[in-house]
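This briefing covers a predicted model.

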Amino acid sequence: MSTDLNPFFRHIAACNTATLPGRRLAFHLGTAAAGWVAPELLPVLVDHGMTHADGIVTLPDPARLEHIAQDMARQGIYRSHHELFDVRTDMDLPPVARIDRGALPLFGLMAQGVHLNGLVRRAQGLHLWIARRSMTKRLDPGKLDHLVAGGIPAGHTPAGALVKEAAEEASLPADLLAHATPTVNIRYALDRPEGLRRDILHCFELLLPETFIPRPADGEVEEFTLIPLSEAFRLVRDTDAFKFNVNLVLIDLFLRTGLIDATSAGGQRLRAGLDGWRFFAPPHT
């Protein structure tokens with residue numbers, strides 16, 4: 001159990017570098033607040049039929065957002081991922097539009113993903129399956145990752161996206177994955193070169209049999225390794241070996257398994273820090 005929690009707070013701080021709204025302009029889809037845009041992007045947005053008044057950029061018809069983003073990719077404003085995500089003005093509301101994943105940060109829109117802690121209980125204690133990201137990945141190549149993690153494509157629920165990613169990334173069969181349980185939602189707001197990332201991570205946990213061996217299936221993972229949970233704790237505490245947001249999911253795991261005392265003042269601050277940007281979400285009109 002750790003008493004010095006400063007090394008863990010640095011990961012939460014690194015994922016919450018955005019000051020909202022800062023100098024950004026509010027972005028509305030119809031009458032609903034949805035995100036923020038940089039003032040430098042305003043001429044392009046106005047050219048695509050958006051309005052600007054009183055510090056608010058508005059797209060009256062949210063259904064046009066997908067095609068506008070496609071045009072912006074052709075203009076070279078961002079690099080398309082060729083993968084559509086649902087756009088929501090609130091996580092608990094139905095989607096109002098779709099947009100290429102690569103364009104989400106341009107508008108400061110909420111993005112959602114799934115992460116799975118794949119655990120194995122051995123006589124020596126809990127172990128964790130970790131992945132090493134392919135060197136061809138656009139983001140954080142070669143970094144350590146979860147057994148299963150990925151964005152939630154348009155039309156998918158978190159559970160549905162987890163099934164998809166588990167099969168594609170780790171050859172994890174559906175009968176095993178059926179025992180996965182949701183644990184927590186983690187939020188953060190991060191300034192990136194591509195814009196503002198406002199992410200929600202839907203986290204799951206699965207206790208796997210010792211006989212299960214994950215196999216890379218889609219080329220996004222170099223290899224899988226089973227390590228003691230105490231080693232994962234050391235890596236998060238002492239290094240930046242994991243992809244940036246994986247550290248947050250593991251901090252939650254450490255809090256729930258007692259490697260970090262969740263009842264201590266520091267543990268409670270860490271737990272609050274995992275809520276990230278929810279306290280700074282744009283007000284609804």
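Domain 1 and domain 2 bury about 1,300 Å² between them, and 54% of that lies on carbon and sulfur atoms. Buried area here is the accessible area (1.4 Å probe) that two parts lose on being put together, summed over both. On the domain 1 side, Phe85, Met91 and Pro105 lose the most area to domain 2, together 41% of what that side buries. Residues are numbered from 1 along each chain as its sequence is written, and side-chain values use heavy atoms, with hydrogens and water left out. In this predicted model, local features need pLDDT of at least 70 and side-chain atom pairs count only at pLDDT 80 or more, while totals for chains, interfaces and linings use all residues.

**Domains**
- The chain is divided into domain 1 (25–107) and domain 2 (111–274), with bounds from an automatic or database domain assignment.
- The C-alpha centres of the two domains lie 29 Å apart.
- The contact (heavy atoms within 4.5 Å) takes 17 residues from domain 1 and 18 residues from domain 2.

**Largest pocket**
- The largest pocket has a volume of about 1,100 Å³.
- A pocket is an open set of points on a 1 Å grid over the protein atoms alone, where a 1.4 Å probe fits, with protein on both sides within 12 Å along at least five of seven lines; lining residues have an atom within 4 Å of a point.
- Grid points are joined across faces, edges and corners, and the volume is the space filled by probe spheres set on the points.
- Of the 46 residues that line the largest pocket, His81, Arg101, Arg133, Leu139 and Arg197 are the closest to its centre.
- Strand S12 (195–207) is one of the elements that give two or more residues to this lining, and the largest share, five residues, comes from S12.
- Helices (H or I, at least four residues) and strands (E, at least two) are DSSP runs, numbered from the N terminus.
- By class, the lining of the largest pocket has 15 nonpolar, twelve polar and 19 charged residues.
- Ala, Val, Leu, Ile, Met, Phe, Trp, Tyr, Cys and Pro count as nonpolar, Asp, Glu, Lys and Arg as charged, and the others, Gly among them, as polar.
- Domain 1 and domain 2 each supply at least three residues of the lining of the largest pocket.

**Second largest pocket**
- The second largest pocket holds about 230 Å³ of space.
- Its lining has 15 residues, of which Arg24, Val37, Ala38, Gly195 and Leu196 are the closest to the centre.
- Strand S2 (32–37), H4 and S12 each supply at least two residues of this lining.
- The lining of the second largest pocket divides into eight nonpolar, two polar and five charged residues.

**Backbone**
- The peptide bond from Leu20 to Pro21 is cis, with omega near 0 degrees, and Pro21 is in the loop between helix H1 (6–14) and strand S1 (25–29).
- His82, a residue other than glycine, has a positive phi near 55 degrees.

**Confidence**
- The chain averages a pLDDT (the predictor's confidence in each residue, from 0 to 100) of 93, and 96% of the residues score at least 70.
- Over residues 279–285 the pLDDT is below 50.
- Where pLDDT is low, the predicted coordinates should not be read in detail.
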